[in-house]
Amino acid sequence: MSGVIYNEASIQAEYADGFILDETELNDSNPYGEGNTLRAILDKSAETEHGQMVRFTLFYKNLRYDIPWEDTPEGSRPIRYKKMEMDYNGPLSGISRIMKVGFGYQYNLPDGSNKQEVQEL
Amino acid sequence: MASTQTISEGNGASAGTETASRTECNFKRIDDSTTAYTSSPINSSNNENSMTKYQLLKFGGTWSSLSALTIKIDNNAPATGLSIVGSVVTSGTTPATTASGDPAMSTTGATANFTSSSFGYAAGTSTSTASGTMYTNAVRLQLQTTSAYAGGPGDIVSRTITWSWTES
C-alpha cells in the first residue's frame, strides 16, 4: 500500500486476468454506466472482458481488508455500506462523516433465504 | 466521489420556492432565505413563534444505494419557555408563525424518505438506487416561545441538527 492513498472506506475488485477496478482511482465513478464503482462491481460489468472477480478489498482506517472471492459460496455478492452522519448548525456543519462501515458478502441458501457475512467496522 | 450533500430550503407559497445550498437554519419571523435573523427576531414576551422552516437534504455525486435516512436535533427544549417542534413532512404549506401543530422535534431520529431528482414534497421511498441528484423529505421546524423564557434579548444557545443515512 506504500505510496498510494486510498479514499476512506473505498473498495477495490480484482479479476481473473489481473484487471482491477479501484474506487479511488475511478473517483468512485462507474466506467460502465450510472452510479458508483461498487455498482460496477455488483453488476459484474468487468467480468465479460476480464473474467470472474477473484478479490474484493476494503481500505479503512489505514488497514486493508481482503476477501478472496474463491473462498465465498457460489453466487455470493459483495457488500460494502457506510453509515453516515452530517451535522447542521454545529461545529462540523455540512461535513459528512463515516460512522460505521459494513464489509462482506451475501448469498442465497438452498431454501432461497438470504445469508449475510458482514463485519461492521 | 461518493455522495455529496447540501441543504435546500423551501419558502413562499406552499414552501415551494427552493433556495439551494443553505448554510444555516436560524429561526426568525420572516419567511425567506436572505433576511438576517437579527433583523427579524422572535419576541418571547409576546409568546411569539418563528416562521415554520422547511429544509431538506439534497444528494449529488455517485452511489449504489441510499437508505435508512433519519433526522434529529440534539435538544428540543433548550430553555424554559423555548421549544423546538418539528416533523418530517410529505407536503409543503405556506410558512406561518401560527403554531405548526408538530410535536417536539425528535432527539433520537425521525425517519425520512428519498423523494425525487427535483425539489418538492412527496411521500418518497425508504431506499433510492437512482444516481445523480436525489432530494429527501423535508423537515419542518419551528421555535415556539413563551414569556417564561428568562433570557434577555439576543441569541439563544445554538442547537445541532443531524442527518443520518446509509449509503453503498
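**View 1. A:Asn62 sits in the loop between strand 3 (53–60) and strand 4 (63–68) of chain A.** Helices and strands here are DSSP runs, numbered from the N terminus: helices are H or I with at least four residues, strands are E with at least two. A:Asn62 has a positive phi of about 65°, although this residue is not a glycine. Is A:Asn62 buried or exposed? A:Asn62 is exposed, at a relative accessible area of 76%. For these words, buried means under 20% relative accessible area, exposed means over 50%, and partly exposed lies in between (1.4 Å probe, protein chains only).

A word on how to read all the views: this is a predicted model, in which local features need pLDDT of at least 70 and side-chain atom pairs count only at pLDDT 80 or more, while totals for chains, interfaces and linings use all residues. Residues are numbered from 1 along each chain as its sequence is written, chains are lettered from A and ligands numbered from 1 in the order in which they are written, and side-chain values use heavy atoms, with hydrogens and water left out.

**View 2. A:Ala9 also has a positive phi, about 65°, although it is not a glycine.** You will find A:Ala9 in the segment before strand 1 (10–15) of chain A. A:Ala9 is buried, with a relative accessible area of 0%.

**View 3. Strand 1 of chain A is mostly covered, with five of its six residues buried.** Follow strand 1 of chain A to strand 3 of chain A, and you meet an antiparallel pairing with six bridges. Two strands are said to pair if DSSP finds at least two bridges between them. Within this pairing, A:Tyr15 has A:Met53 as its bridge partner in strand 3 of chain A. Strand 1 of chain A also runs antiparallel to strand 2 (residues 20–22) of chain A, joined by three bridges. Here A:Gln12 stands opposite A:Asp22 in strand 2 of chain A. The hairpin of these two strands has four residues between them, and A:Gly18 takes a positive phi near 95° in this hairpin.

**View 4. Chain A as a whole has two helices and seven strands.** Reading along the sequence gives the pattern β-β-α-α-β-β-β-β-β. The C-alpha trace of chain A spans about 50 × 35 × 30 Å along its principal axes. Chain A has 121 residues, of which 42% count as buried. If you take the contacts in chain A with a separation of 6 or more, residues 24 or more positions apart account for 45% of them. Contact means heavy atoms within 4.5 Å.

**View 5. Chain A meets chain B through 20 residues of chain A in contact with 26 residues of chain B.** About 2,000 Å² is buried between the two chains, and carbon and sulfur atoms give 47% of that area. A:Met86, A:Tyr88 and A:Asn89 supply 39% of the area that chain A buries against chain B, more than any other three residues. Buried area is the accessible area (1.4 Å probe) that two parts lose on being put together, summed over both.

**View 6. Strand 5 (77–88) of chain A pairs in the antiparallel sense with strand 9 (residues 161–167) of chain B, over seven bridges.** Which residue of strand 9 of chain B is the bridge partner of A:Glu85? The bridge partner is B:Ser164. The rule finds one salt bridge across the interface of chain A and chain B. A:Lys82 forms a salt bridge with B:Glu167, and their closest N and O atoms are 3.8 Å apart. A salt bridge is a side-chain nitrogen of Lys or Arg within 4 Å of a carboxyl oxygen of Asp or Glu. Strand 5 of chain A gives the largest share of the side of chain A that touches chain B, namely nine residues.

**View 7. B:Phe59 lies in strand 3 (residues 53–61) of chain B.** B:Phe59 counts as buried, at 0% relative accessibility. Leaving aside residues up to four places away in sequence, B:Phe59 touches several others, including B:Leu66, B:Phe114, B:Met134 and B:Trp165. The C-alpha atoms of B:Phe59 and B:Thr93 are separated by 23 Å, and these residues are 34 residues apart along the chain.
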